[in-house]
Amino acid sequence: MPQNRRLILAHLWVAFSVFVLAAALGVWQMWVRSPLAAPQDTPARYYQSVTGHGVSMAYVLTTFFIMGFGYFTAETALKTPLPSARWAWAGFWTALAGVAMTVAAILSGQASVLYTFYPPMTATPWFYVGLVLVVVGSWIWVAVMLVAMARFKRANPGAPVPLAMYATVANAIMWLWTTAGVSAEILFQILPAVFGWTQTIDVGLSRTLFSWTLHAIVYFWLFPAYIAFYTMAPRAAGGRLYSDTMGRLSFVLFLLYSLPVGMHHLFMDPEHSTGFKFIQMSLTALVSIPTLLTVFTISASMELAGRLRGGKGLFGWIKALPWERPMVLATGLAFFMLWFGGGGGLINMSYGMNAMVHNTAWVTAHFHLIFGGTVVIMYFAIAYEIWPSLTGRAPLSVATQRLQLWLWAIGMMVMTLPWHYLGLQGQWRRVASFNYADPRIGPWGPLVIVSLAGGVLLLVSAVMFVMNLLPRRAQVRLPEQGYSFALAVHPPQRVPAALNGFTVWNVLVAILMLVAYGFPILQFFIGNSPQAVIHPLTGG
Amino acid sequence: MSEADERAIVRSEIRWAVVAIAAVSVIMLAVIFAAIAMHINPPSNVERINPQDLHLSAEFTEANLGTKVEANGQITARIVATQFAFVPRCVVLPADRPVTLRFSSPDVIHGLLVSGTNVNTMVVPGYVSQVHTVLRKTGDLLMPCHEYCGLGHSEMSGTIRVVPSAQFRPGPDGRVACAAK
């Protein structure tokens, strides 16, 4: 049983409360964009809402969930309390103060620059300072994770770090690398501009630094889902993990290939040459490999479980799986949506085809499907799975958990399939309204309404999720219980040092980043790199 | 489960890894073929320009905007993307002939696509974005700004008017403008 339950629950509740509010904003945004009349339908409100939705989902839900889940994993997988609960709480309060500051900035209407910033447009300084505090809080979490693993290795010389913890630390290290890009952009470019110390900004450089962060951050969000696939789902299905080594290898490959690929967000940008776009596209292709390995290993683990339960034949084992268990169901639904989201990702990655879909609704569909369909659905399943050991109470009935997961998956498909299609028709992104009277745009209307219906299902599911977790009166208290992660078919006695630590991988990341981003960043310091005048969103 | 011999597990994983790597290689070969044989590459000319006096400098001054047939016969349209309009709002281009579109921004980041074509580029202040294409469909094509550029972003949209090649008649100065409809 984890020691610091209140710490973990505090993180998870911040994540989930913000998540429900952000889901409601998302539905309203789709309503505004649809042909139906919506309340408060002004561009100012719309972009304020998009900023709130993006910041909440991408920075708050994820960061707080990952920190809380990381503390849980450290205590349960290593079976020792955290090295410093005091530092962990300090990280929590720092990040929470940052959230409060950012939310206040967004509510003031002075920060509607979306969560991706777009300098030379600028918001009130408090927006950025708040986000910096969230990142600083997460850096404290990184330190606690690193110390926890180091202490375990010192106390257990030669013993393999449990896979769940190894993966969590891989994510923590990746996050340090990831945040370097956006931190440099905010500290050296945006803050000097918004505090009035500089009047111009190098936009090519700021876009490049942000791209450094923009893809790896997605894998930061995705890691907990993969940790659940490897270390929770096989046990929930009544089996074992097919291969512990492949798990370690996949997490290491994510650490390596999530970072030197961010320029695929800049394929259509004029400040980079084809050559570096090509290099980063090739590295992007490689990042699909750990996902394909994971699909295989987890499917094999599930097959073992299905056969143990009496499943026969080529597909009989699928039917024999205990689909009534939320973790198994969520894994199945996540894999289903991962095929669509991942397939779409391969299209985005191909830099020729990217011109067809860049900044269309196709891309919005892609990342909602990956984020909502694979990441968030596994956050739900993880919460259901660990709730009894955190609170001493089971979440509401398993039937309502299943209903909630199904609603989420159906809602996600109903919302994103029309978006994919509309994107191919050329529907562009980030607009508050469409002129449906235009005969070239009018036919999109019905499909936009269908996607809105999907959004409503998602909101219902989001509210159900929180209701399922809330404590209720007259609830049976469970006996104190710990949490065990899935065992491998062959639990490792010894693993190679490279798969029990990260030194060699950090060196490789540094080399890859030098190759992928060295010159692309250096070019802005050669010659007269153009400077654009800053444009305060609300006129300063 | 104990009969699942560890070496068999490793062998199966390696077999799958080979399949995965082969699949990714096929995709990469297709991209490389399209890039080299069909010249399908992203717009990446890396051409710097000072955004602070864009409308005063040579190429993107007002008189120079719109479609022009150059002395060598090349057809180029120059367009400024600015909060919250494209200047000029409408550009005429001929169908079925190679054309070049050149964009730049004096203020913030913009972007655009031309509906029903593969024209798609970001417009970043400090750079000229250049796209080569052959337009196949005639008529008025939508050219919306697709990157958030401020509260008026939704209003920012232009028109590419594609006319049959025979009806594309430049004036003596090589220029063509949209006629009022």
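This briefing describes the fold of chain B and the contact that chain B makes with chain A. The model is a predicted one. Chain B contains 1 helix and 12 strands, and its contact with chain A takes 54 residues from chain B and 58 residues from chain A.

**Fold of chain B**

- Read along the sequence, chain B follows the pattern α-β-β-β-β-β-β-β-β-β-β-β-β, which accounts for the 1 helix and 12 strands of this chain.
- The radius of gyration of chain B is 23 Å, whereas the globule rule gives 16 Å for 181 residues, so chain B is more spread out than a compact globule.
- Taken along the principal axes, the box that the C-alpha atoms of chain B fill is roughly 85 × 40 × 30 Å.

**Burial and contacts within chain B**

- Of the 181 residues in chain B, 36% are buried.
- Among the contacts in chain B with a separation of 6 or more, 61% are between residues 24 or more positions apart.

**Contact between chain B and chain A**

- To this contact chain B gives 54 residues, while chain A gives 58 residues.
- On the side of chain B that touches chain A, the elements that give two or more residues are helix H1 (6–37), together with strands S7 (110–113), S8 (120–123), S9 (127–134) and S10 (139–144), each of them belonging to chain B.
- The element that gives the most to this side is H1(B), with 13 residues.
- Sorted by class, the side of chain B that touches chain A has 31 nonpolar, 18 polar and 5 charged residues.

Methods. Residues numbered from 1 in each chain as written. Chains lettered and ligands numbered in written order. Predicted model: local features only at pLDDT ≥ 70, side-chain atom pairs only at ≥ 80, totals over all residues. Contact = placed C-beta atoms within 7 Å. Helix = DSSP H or I, 4+ residues; strand = E, 2+ residues; numbered from the N terminus. Nonpolar A, V, L, I, M, F, W, Y, C, P; charged D, E, K, R; others polar. Rg over C-alpha atoms; globule rule 2.2 N^0.38 Å. Buried ≥ 20, exposed ≤ 12 C-beta atoms within 10 Å, placed from the backbone.
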